[in-house]
Amino acid sequence: MEQQDLKSWRQEIESELQDNILSFWMKHSLDERDGGFVGRIANDLKIQEKADKSLVLNARLLWTYASAYRKYGEPAYLKMAERAYRYLTSCFYDRENGGYFWLLNHEGEPISKKKQIYGQAFVLYAFSEFVRACPNEEVLKQAVQLFELIERYSYDPVYKGYIEALDSNWEATDELSLSSTDLNEKKSMNTHLHVLEAYTNLCRVWPSERLKESQKELIATMLDHIVDPQSAHFKLFFDERWNSKSHEISYGHDIEGSWLLMEAAEVLGDGELIDRTEAVALAMAQAVYEEGLDTDGAVVNEADPKGWTDTDKVWWPQAEAVVGFLNAYQLSGKDYFLNAAYRTWRFIDRYLVDKANGEWFWKVNRAGEPDMADMKVDAWKCPYHNGRMGLEVLERIEKLNVQTK
């Protein structure tokens, strides 16, 4: 890909990020009646006014607009970030026990008080980004307190890693699963991946040796227990001793994890760990390239050791594939990774971007047809994956342009 092609791609990505993704959420997601943001919006933009409000969606909104403000300095982005921060701290925050509730009703009252570590990690990720965008001692203090809660209650000092969930009082619970589609096991790849990204971001604003040691151990734990050394895929669910409890392959998590692991090692700056992580990250990206890409350039959703089991093209794995393949190209210099990143973007632009109502469809089938019954906004459908894709691609293309001058 020539410099001129990179320039054109950059312009496309920036337009998608600002004119579609970021503008959509500013226009459609504000809950002017009950505060914060609406919990569900259908593909036809009909708002479900009494939908519950999830911690994940609200934390991801804060991260997205804080990150966008950090890049552009646009006051409207800061206003969105501040709105998300206020709602998180006024409604989701557990004033009695610390941490953040998992789910609220539409009026902002808690209906699930459990401390899902995945959710706590996203709040930590968002607060750290808010501090990066707008240095603030109070927000940093809240981020550090959340880190300390995760370490105190979720960390497993015997077998390492982090327990999935605790009850409202931070005590053991049997209700561990993240969603109805997840196994009810003590540990998961998904939670560890997002604790990793949260700790990476916190390292950028709070250079604590204790945090760095926790992060170094977490990277090693993921490389030792979660990445399968034979297949270069993530294993997904585990008991507390790291016995694997599933055989499914999630190509989206694999390609997302490949670049998040590399980012985590680079932020720590440990040369030996960077070298080890780079080899694993490239092997993961290679496995997705060889096994998970369809002929149209998109990543299929899931597989098992016998082959593909879900060939839908879900929005977030495509976004992560663009970043993950671009990262693999930057590490290896292999042109096919750059071409894969660009082809996935072309698929996104052709099939997933909703040119009529804005934002992206949740998924399309192999024929490129969206399921209109899927939500445009809900507990999981947010601007974090595709917004972050935009921000990451812009930053990475800028680095490539500097290197080629």
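## About the model

This is a predicted model, where local features need pLDDT of at least 70 and side-chain atom pairs count only at pLDDT 80 or more, while totals for chains, interfaces and linings use all residues. Residues are numbered from 1 along each chain as its sequence is written, and side-chain values use heavy atoms, with hydrogens and water left out.

## Helix H9 and its neighbours

Let's begin with helix H9, which covers residues 271-291. Helices (H or I, at least four residues) and strands (E, at least two) are DSSP runs, numbered from the N terminus. H9 has 21 residues and spans 30 Å from its first C-alpha to its last, close to the 30 Å expected at 1.5 Å a residue. That expected span is 1.5 Å times one less than the number of residues.

Among the buried residues of H9 are Leu273, Ile274 and Met284. Here, buried means under 20% relative accessible area, exposed over 50%, and partly exposed in between (1.4 Å probe, protein chains only). The buried residues of H9 pack against helices H7 (209-226), H8 (251-268), H10 (315-332) and H11 (335-352), with contact meaning heavy atoms within 4.5 Å.

## The nonpolar core

How many residues does the largest nonpolar core have? It has 136, and Trp9, Phe234 and Met389 are those with the most contacts inside it. Helix H4 (residues 117-133) gives the largest share of this core, 12 residues. A nonpolar core is a set of buried Ala, Val, Leu, Ile, Met, Phe, Trp, Tyr and Cys residues joined through side-chain atoms within 4.5 Å.

Phenylalanine 234 touches residues including Met189, Leu261 and Met284, not counting residues up to four places away in sequence.

## A buried histidine

Is histidine 192 buried or exposed? Histidine 192 counts as buried because its relative accessibility is 0%. This residue is found in helix H6 (residues 189-205). A polar atom of the histidine 192 side chain lies 2.8 Å from the backbone nitrogen of tyrosine 162.

## A three-stranded sheet

Strands S9, S10 and S11 form an open sheet in that order, with antiparallel pairing. S9 (249-250) and S11 (307-310) are the edge strands, each pairing on one side only. Two strands pair if DSSP finds at least two bridges between them; S10 (residues 302-304) and S11 pair over three bridges.

## Salt bridges

The whole structure holds 32 salt bridges, each a side-chain nitrogen of Lys or Arg within 4 Å of a carboxyl oxygen of Asp or Glu. One of them joins lysine 160 and glutamate 217 (3.9 Å, N to O). Lysine 160 lies in the loop between helix H5 (137-154) and strand S6 (165-166) and glutamate 217 in helix H7, so this pair ties together parts 57 residues apart in sequence.

Another salt bridge joins arginine 396 and glutamate 392 (2.9 Å, N to O). Both residues lie in helix H12 (residues 384-404), four residues apart, about one turn of the helix. Arginine 396 and glutamate 392 are both buried.

Conventions. Polar contact = N/O pair within 3.5 Å; in protein donor to acceptor, adjacent residues only side chain to side chain.
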